[in-house]
There are 2 protein chains.
Amino acid sequence: MSAIEKLNDYVKNSGLKISSQRNHILKIMESEHIHRTVEEIYDIVKKSNPEIGIATVYRTVKLLCDAGIAKEIHMSHDVTRYEIVSDNSHHDHLICQNCGKFVEIESDIIEKEQSKIAAKNDFELKDHCHILYGICGDCRKKNKKK
Amino acid sequence: MSAIEKLNDYVKNSGLKISSQRNHILKIMESEHIHRTVEEIYDIVKKSNPEIGIATVYRTVKLLCDAGIAKEIHMSHDVTRYEIVSDNSHHDHLICQNCGKFVEIESDIIEKEQSKIAAKNDFELKDHCHILYGICGDCRKKNKKK
DNA sequence: TTACCTGCAAACAGTTTGCAGGCCG
DNA sequence: CGGCCTGCAAACTGTTTGCAGGTAA
């Protein structure tokens, strides 16, 4: 099921309404597999729809999260980004503290271990946040040169 | 080396100064192994020192982080807490989304796997954030009753 | 005595909310 | 047509900063 379909579903089931702005914002978040901040989304939407207010972006992003279509990620310690969740794959992140470059990572071993830990402590696992911070190869080279 | 000693060291080496407020705040953060928010620390300090301003707490907490004595944790998606780091043990967290209860967890398997992933992507690992969110046994029981 | 430190209040950034009008269904 | 949605601006929250006076070294 595509994200737009999911949105339509959710909107119907909740007695909400579809709007061009909502579709528009979702489309932007889907295009390119990039994690954006609200500010960034706002800037892009504004290009084709200068009327839009940032409040609408905030409201829509939150709605998408409620609908399970998007997800919040705290990339660095004070930047909130959003990504569209795909049905089949879960991933975590490895981020360069210097240049912000990031890699999406997956690890069955870690996922399994997480489940074990949750079970051992009698927790029903709902979600997790796993971000590795480091310095990428490029940045290490650049810093040496200086 | 105790946290207070570490603070003294750091302060001397950086040309800073010790103050009763700084010691006071550190003492509170050390007492009980709890992760507190700035607001909570502020409330506690105020009891014995009503004069103190919250800005001082923010400044001190930041200083302690710079000194490597404390560490920021983003417990839930918009609450920042701080914990005193102990020299010997690293741990991550498992948090109940319902009641806020948390368990500190350690896993060699995950730590090793993280290093591997970082190495594979040519990152020099500096830090990581690993938090599991779930519902604890008590809360699951309570919810059933309702 | 010289920085540094503190409390206060003002400034800020990110996010939320109330309102009056617009639009979907 | 009713209720949700939007843009705008004002409100709010968590955090930072500038300033004038206080204090450690």
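Of the atoms of DNA strand C within 4 Å of the protein, 75% belong to sugar or phosphate, and the rest to bases. This is a predicted model, in which local features need pLDDT of at least 70 and side-chain atom pairs count only at pLDDT 80 or more, while totals for chains, interfaces and linings use all residues. Residues are numbered from 1 along each chain as its sequence is written, chains are lettered from A and ligands numbered from 1 in the order in which they are written, and side-chain values use heavy atoms, with hydrogens and water left out.

User: How many residues surround DNA strand C?

Analyst: A residue is near a strand if one of its heavy atoms lies within 4 Å of it. The closest are Tyr58(A), Lys62(A), Ser19(B), Arg22(B) and Thr56(B). The number of residues surrounding DNA strand C is 19.

User: Which side chain has an N or O atom 2.9 Å from a base nitrogen of DNA strand C?

Analyst: Polar contacts here are pairs of N or O atoms within 3.5 Å. Tyr58(A) has a side-chain N or O atom 2.5 Å from a phosphate oxygen of DNA strand C, and a polar side-chain atom of Lys62(A) lies 2.6 Å from a phosphate oxygen. The side chain 2.9 Å from a base nitrogen is that of Lys17(B).

User: Which element gives the largest share of the surface near DNA strand C?

Analyst: Helices (H or I, at least four residues) and strands (E, at least two) are DSSP runs, numbered from the N terminus. The largest share is four residues. It comes from H4(A).

User: In E5(B), what is the bridge partner of Leu132(A)?

Analyst: Two strands pair if DSSP finds at least two bridges between them. Strand E5 (residues 123–136) of chain A and E5(B) pair in the antiparallel sense over 13 bridges. In E5(B), the partner of Leu132(A) is His128(B).

User: In E5(B), what is the bridge partner of Cys96(B)?

Analyst: Strand E3 (residues 92–96) of chain B runs parallel to E5(B), and four bridges join them. In E5(B), Cys96(B) is bridged to Gly134(B).

User: How many of the 14 residues of strand E5 of chain B are buried?

Analyst: Buried means under 20% relative accessible area, with a 1.4 Å probe and protein chains only. Strand E5 (residues 123–136) of chain B is mostly covered. Its buried residues number 10.

Methods
Buried < 20%, exposed > 50% of the residue type's maximum accessible area, 1.4 Å probe, protein only. Polar contact = N/O pair within 3.5 Å; in protein donor to acceptor, adjacent residues only side chain to side chain.
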